[in-house]
Amino acid sequence: MKTKVLLNNRIVDLKSANVNILDRGYQFGDGVYEVVRFYDAAYFELEAHLIRLKESCEKINIPFKMHLKKLESDLVYLMNTCDYSTGYVYIQITRGVMDRNHIYRDQPDLKPQLVAYTVKEEKRPLKLMEQGITVHVTEDIRWLLCDIKSLNLLGSVLAKNKAQEKGAKEAVLHRDGIITEGSSTNVFIVKDGTLYTHPANNLILNGITRRVIIDIAKKEGFPIKETAFTIDEFLNADEAFTSSTTAEIMPIVSVLLDEKTYALGTGKRGVITQKIQDEYSDLIAKIPLNQSTL
């Protein structure tokens, strides 16, 4: 399996994709990233991801001078260099390279650094999307600017690993008893036919898959409320699921909390969850197959 890397404006071999140890992404986590899925050599929601990448840069004052269409074209070219057709591309932009210093504003020649590479995914996780997952509810210890897709992921990494240690697939986070999101996902519940998800403020990342799900719900006539809900409301939901680019839509069938395990709803994938999954699959099937002309 060969891997090429987009390093700023060049496509290079993985072994040649060297990054300076004084890069602020390495020293400070001073940067942002995106992950974009592709199916059968076609990106899903690429434009939306790149717009959010640009917005994340702007929120932390990294100059974004790239033309989005040119970046799209480069990423399509990068995807077409790999010898697999299903996977995702990881894109990272850091503030640049300079002597280690918290202050960057007096560095007028500081140049942002872009790195992107593809990762193989064998197949969509269809079996797990049917069976559902167990999640672990834990305190949200991250910073207060979660709307920025920042490289600072230590809080999420610790929560995800703690969940895995307890036999759960994902960590569902809360602040003072209010569910925010997962360690690498957004979270939805269904109660009496209405979908609920935390509002897209600074406490969560406004996921691209989250946005697609909201559009699907509106199209299908499912009431949806972007409002905060509590741990108790989460545990007493009729259905619940997580959403993300790589894991897509995962039903939550059981919950670990304070060393106890609770069945969520019927303990199986719910009807509304399945309908949203089906509509999401239809959107994937409609991706333009030839993106080589971007």
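**Cavities, pockets and cores**

By class, three nonpolar, three polar and two charged residues line the largest cavity. Here Ala, Val, Leu, Ile, Met, Phe, Trp, Tyr, Cys and Pro count as nonpolar, Asp, Glu, Lys and Arg as charged, and the others, Gly among them, as polar. This is a predicted model, in which local features need pLDDT of at least 70 and side-chain atom pairs count only at pLDDT 80 or more, while totals for chains, interfaces and linings use all residues. Residues are numbered from 1 along each chain as its sequence is written, and side-chain values use heavy atoms, with hydrogens and water left out.

The lining of the largest cavity consists of Arg 37, Phe 44, Glu 45, His 49, Ile 208, Thr 209, Thr 245 and Tyr 280. The space inside is about 40 Å³. A cavity is a set of points on a 1 Å grid over the protein atoms alone where a 1.4 Å probe fits but cannot get out; a pocket is an open set with protein on both sides within 12 Å along at least five of seven lines; lining residues have an atom within 4 Å of a point. Grid points are joined across faces, edges and corners, and a volume is the space filled by probe spheres set on the points.

The structure has two cavities of 30 Å³ or more. Helices (H or I, at least four residues) and strands (E, at least two) are DSSP runs, numbered from the N terminus.

Now the open spaces. The largest pocket has about 1100 Å³ of space. Its lining counts 45 residues, and Tyr 33, Lys 160, Ser 183, Ser 184 and Thr 185 lie nearest its centre. Elements that give two or more residues to this lining include β3 (31–39), α2 (46–59), α5 (154–165) and α6 (208–220). The largest share, five residues, is from α5. The classes are 19 nonpolar, 17 polar and nine charged.

The second largest pocket has a volume of about 540 Å³. It is lined by 22 residues, with Pro 63, Lys 65, Leu 110, Lys 111 and Pro 112 closest to its centre. Both α3 (68–81) and β6 give two or more residues to the lining. The largest share, three residues, comes from α3.

Next, look at α6. This helix has 13 residues and spans 19 Å from its first C-alpha to its last, close to the 18 Å expected at 1.5 Å a residue; the expected span is 1.5 Å times one less than the number of residues. Its buried residues (under 20% relative accessible area; exposed is over 50%, partly exposed in between, with a 1.4 Å probe and protein chains only) are Ile 208, Thr 209, Arg 210, Val 212, Ile 213, Ile 214, Ile 216 and Ala 217. Just after α6, Gly 221 has a positive phi of about 80°.

Finally, the cores. A nonpolar core is a set of buried Ala, Val, Leu, Ile, Met, Phe, Trp, Tyr and Cys residues joined through side-chain atoms within 4.5 Å. The largest has 25 residues, and Tyr 43, Leu 75 and Ile 91 have the most contacts inside it. At least two residues of this core come from each of β3, α2, α3, β5 and β6. The largest share, five residues, is from α3. A second, separate core has 20 residues, including Met 129, Val 137, Val 172 and Val 255.
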